[in-house]
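Student: Could you show me how to read the features of a protein model, one at a time? I would like the general idea of each, then the case at hand.

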Amino acid sequence: MFFLAKPTHFRYICRMILRANCKINIGLDVLRRREDGFHELSTVMFPVRELYDTVKVEPSDNLTFAQTGITIDCPVEKNLCVRAARQMQKCYGVGNVAIELDKRVPFGAGLGGGSSDATAVIVAMNDIFGLNLSEEELIARAAEIGSDTAFFVRNTAQLCTGRGEIMSPISLPLSGQWLAVVKPDEGVSTAEAYSGVKPCVPEVSLEQLLTRPIDQWQGRVKNDFESHIFEAHPLLGHIKQQLLDAGAVYASMSGSGSALFGIFGGRPELNFDRTIFTHIEQL
């Protein structure tokens, strides 16, 4: 679940401050296009704990939203935090909240930062208004906002299928490994990623491949978006190769991009251009 920073209690929780961490996708198979227009996926989402936005939520006379940090060019009513609050009001008749978002996770990156922020609002409003929703209900509300959003209710390694909302826990041998996340200036839209993908059911499932040692993942555990995205954005393929050259035992694009990540046996020494966002943490 989310990290909480000392909420204040008086009959009910009157303020919650949450660290809305992001995620990476370890493997991403696009299996088929569904009749509802979405794609059937198989992917493992893994939380990146120390790369997070800060979301503060408290009761208010009006529903308000304010943001600091990375600027997002998005109308307030379309922001996922506001959409999540509206959804909670619609479903449970709860009151208004003031939402403050300190944005640190790069967007347009395939890291699920906006989805995580939305789930943080859902979790906060559940506690603030004493709804006592079950995990199943929280997942259902989050899934109504987006495909990645439900993952952040559990916020542990999950094999995600369907359009991403069907989850089952998965154990990965990543304890003690180091993770580097690199986000170049250029972004990739979800529409661009899906427009060029060629759905295919692999001979060996992602779940089976991930039972192998990490040093056997490269070249087997794949992201189906990479081939056409790297063709359109050569820099991304170059960054992936740089991660491998720096000693990563596994490197990949996360989600629909444009962030890349590498998993290392020890703390990596990386030297990317200063215009590129880099995050390193131990898992």
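This is a predicted model: local features need pLDDT of at least 70, side-chain atom pairs count only at pLDDT 80 or more; totals for chains, interfaces and linings use all residues.

Tutor: Let us begin with helices and strands, which are DSSP runs (H or I, at least four residues, for helices; E, at least two, for strands), numbered from the N terminus. Residues are numbered from 1 along each chain as its sequence is written, and side-chain values use heavy atoms, with hydrogens and water left out.

Student: Is Asp117 buried or exposed?

Tutor: First the cut-offs: buried means under 20% relative accessible area, exposed over 50%, and partly exposed in between (1.4 Å probe, protein chains only). Asp117 counts as buried because its relative accessibility is 2%.

Student: Which residues is Asp117 in contact with, leaving aside its neighbours within four places in sequence?

Tutor: Contact means heavy atoms within 4.5 Å. By that rule, Asp117 meets Ala20, Asp53, Val55, Cys81, Leu101 and Lys103, once neighbours within four places in sequence are set aside. Distance along the chain is another thing to read: Asp117 and Cys22 are 95 residues apart along the chain, yet 8.9 Å separates their C-alpha atoms.

Student: How is the packing of two helices described?

Tutor: Two numbers are used: the angle between the axes and the distance between the axes. Axes are lines fitted to C-alpha atoms, for helices over the stretch in contact, and angles run from 0 to 180 degrees between N-to-C directions. Here the axes of H1 and H2 lie 8 Å apart, at an angle of about 35 degrees. On the H1 side, the contact is made by Leu80, Cys81, Ala84, Ala85, Met88 and Gln89. H2 contributes Gly114, Ser115, Asp117, Ala118, Val121, Ile122, Met125 and Asn126.

Student: What is the reason for the spacing in such lists?

Tutor: An α-helix has 3.6 residues a turn, so residues three or four places apart point the same way.

Student: How do the residues of the contact of H1 with H2 divide by class?

Tutor: Ala, Val, Leu, Ile, Met, Phe, Trp, Tyr, Cys and Pro count as nonpolar, Asp, Glu, Lys and Arg as charged, and the others, Gly among them, as polar. The contact of H1 with H2 has nine nonpolar residues, four polar and one charged.

Student: Which residues of helix H3 are buried?

Tutor: In H3 (residues 135–143), they are Leu138, Ile139, Arg141, Ala142 and Ala143. These buried residues pack against H1, H2, helix H4 (151–154) and strand E8 (166–169).

Student: How is a pocket found, and which residues lie nearest the centre of the largest pocket?

Tutor: On a 1 Å grid over the protein atoms alone, a pocket is an open set of points with protein on both sides within 12 Å along at least five of seven lines, whereas a cavity is a set where a 1.4 Å probe fits but cannot get out; lining residues have an atom within 4 Å of a point. Points are joined across faces, edges and corners, and a volume is the space filled by probe spheres set on the points. The largest pocket holds about 1000 Å³ of space. Of its 43 lining residues, Leu80, Gly112, Ser115, Asp148 and Thr190 lie nearest the centre. Among the elements that each supply at least two lining residues are strand E3 (12–33), helix H1 (80–92) and helix H2 (113–128). By class, the lining has 17 nonpolar, 19 polar and seven charged residues.
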